[in-house]
Amino acid sequence: MAKFNQVSLRIVIWLMGAGYLFIEAREFVATKQLSNIAIFAILFILASYQSSVSRLYISVKKFAPACRCYRASSLMFTASLMAVFDASLDFLKSSISPESLAPIALTLLFILGWSVNLTAVIFTLISMELFLPIIISGPSTQPADWDSNTVSNSGD
């Protein structure tokens, strides 16, 4: 049952990535920046959550899942920064009149924007692929590990 849920979640995550690229293509025409900021915030919050889970695993001395969560968090944080960069590029493209730049410059800006978006989506998907098994399996500790007398908050 858990394997089925993991496969289903992976499919949903990849469909969301494809949906995001489709929405981004529509936004390029409409140049609505609010969704770029919302996407940045969501990716940043996910990175923060993944980082918190990493710290949890470090506190219970489970270093392999902690490293996996940290890698996922780093990728998600990078994707959030790319979302900000993409918003900046979109603003630049919308503020430039097509007559003021050569068509090749506009084409290069468009390609750069799509490259940034594609990289952000790929980083996000890889991050979720790394983090998904952690979410599904949960902490693999014994109940005694959660006793406040045996787990140190200082990471000792």
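Which residues lie nearest the centre of the largest pocket? The points below begin with the basis of the model and then come to that pocket.

1. Basis. This is a predicted model, in which local features need pLDDT of at least 70 and side-chain atom pairs count only at pLDDT 80 or more, while totals for chains, interfaces and linings use all residues. Residues are numbered from 1 along each chain as its sequence is written, and side-chain values use heavy atoms, with hydrogens and water left out.

2. Overall fold. The protein has 4 helices and 0 strands, and its order along the sequence reads α-α-α-α. Helices (H or I, at least four residues) and strands (E, at least two) are taken as DSSP runs and numbered from the N terminus. Of the contacts between residues at least 6 apart in sequence, 79% join residues at least 24 apart, a contact being heavy atoms within 4.5 Å.

3. Surface and burial. The protein exposes about 9500 Å², and carbon and sulfur atoms supply 73% of that area; accessible areas come from the Shrake-Rupley method with a 1.4 Å probe, and for residues only the protein chains shown count as cover. Of the 156 residues, 31% are buried, where buried means under 20% relative accessible area, exposed over 50%, and partly exposed in between (1.4 Å probe, protein chains only).

4. The largest pocket. The residues nearest its centre are M16, G17, Y20, L43 and T124, which belong to a lining of 14 residues. The pocket holds about 320 Å³ of space. On a 1 Å grid over the protein atoms alone, a pocket is an open set of points where a 1.4 Å probe fits, with protein on both sides within 12 Å along at least five of seven lines, and lining residues have an atom within 4 Å of a point. Grid points are joined across faces, edges and corners, and the volume is the space filled by probe spheres set on the points.

5. What the lining is made of. Helices α1 (2–30), α2 (34–59) and α4 (103–137) each supply at least two lining residues, and the largest share, 5 residues, comes from α4. By type the lining divides into 12 nonpolar, 2 polar and no charged residues; here Ala, Val, Leu, Ile, Met, Phe, Trp, Tyr, Cys and Pro count as nonpolar, Asp, Glu, Lys and Arg as charged, and the others, Gly among them, as polar.

6. M16. This residue, one of those nearest the pocket centre, is in helix α1. M16 counts as exposed because its relative accessibility is 55%, and its C-alpha atom is separated by 9.3 Å from that of L125, 109 residues apart along the chain.

7. A120, found in helix α4, counts as buried because its relative accessibility is 6%. Not counting residues up to four places away in sequence, A120 touches A79 and M82, and the C-alpha atoms of A120 and A83, 37 residues apart along the chain, lie 6.9 Å from each other. S88 is found in helix α3 and is partly exposed, with a relative accessible area of 41%.

8. Aromatic rings. The whole structure contains 4 aromatic pairs, and ring pairs link F40, F44 and F77 into a cluster. Rings of Phe, Tyr and Trp (its six-membered ring) pair if their centres lie within 6.5 Å; planes under 30 degrees apart count as stacked, over 60 as edge-to-face and the rest as tilted.

9. A loop residue. K61 lies in the loop between α2 and α3 (63–95), and its phi is near 60°, a positive value in a residue other than glycine. At 42% relative accessibility, K61 counts as partly exposed.
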